[in-house]
Amino acid sequence: MAATISCPVPPDQRPQEEFTQLSQSWFFAWPRHRQIDLDKALLLSWMLIVPLTVLIASGSWSLRHDPIRLVLAGAVSGLILPMLLLIRQWLGWTYVHKRLLSERVEYEESGWYDGQVWEKPLSWRERDLLLAQHEVRPILGRLGRAMATTTGLILGGASLCQAL
C-alpha cells in the first residue's frame, strides 16, 4: 500500500526510516529491548570512566588524605558520563517519536534549507502511530527510569560525600 502512495520525502528523512536507522545503531540500540541491556552498557561506561575520575579527584588536597571520600567522590563524578549518554539517547529517541506522531513530515529536498512539509496519508499515520506507541514509547520509558536512577545515585552519592 505504501508503494502506491507518491511520497516526495527523501527516503532517509522519512520517520519510519529514521526509526530503523536509530534501531540499528549500536549506541541507540542499548534501550531497544530490555532494561538490563541498557543497565549493563551504562555500568560498563561508568566502570571505564571511574579510574579517571578517581585520579582527577586525587588532586584535591582534602580528598588526598581521605581515601574513602576520594573513591566515593570519583565514583559519583563518574556518573556524569552515563547521564550524558542517557541524555543523548533521550534526545534521539524523542526526536523520532515526535516525527512518528506528527501528521506532517518536514523535510529538505536539496540540503540547502529549502524546508518542505508533506502531510502523511492516513495509512502512514496509522503505521507511524503504532510504531510510536508500541516501539518508541517503551524505549523512552526505559530511558526515563535509567535517568531517574542515575540522578538518584548522583544526589545520594553527593549527599553521602558531604555527610562523611
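A: The structure holds zero disulfides, a disulfide being a pair of cysteine sulfur atoms within 2.5 Å. This is a predicted model, in which local features need pLDDT of at least 70 and side-chain atom pairs count only at pLDDT 80 or more, while totals for chains, interfaces and linings use all residues. Residues are numbered from 1 along each chain as its sequence is written, and side-chain values use heavy atoms, without hydrogens and water.

The part to look at is helix α6, residues 122-163. Helices (H or I, at least four residues) and strands (E, at least two) are DSSP runs numbered from the N terminus. The 42 residues of α6 should span 62 Å at 1.5 Å a residue, and the end C-alpha atoms are 58 Å apart, which agrees; the expected span is 1.5 Å times one less than the number of residues. At Val136, shortly before the proline Pro138, α6 has a kink of about 35°. That bend is the angle between axes fitted to the seven residues ending there and the seven starting there.

Cys161 counts as buried at 14% relative accessibility, and Cys7 is buried with 16%. Buried means under 20% relative accessible area, exposed over 50%, and partly exposed in between (1.4 Å probe, protein chains only).

As for the context, the protein chain has six helices and two strands, in the order α-α-α-α-α-β-β-α. Its C-alpha atoms fill a box of roughly 70 × 35 × 25 Å along the principal axes. Buried residues make up 37% of the 164 residues.
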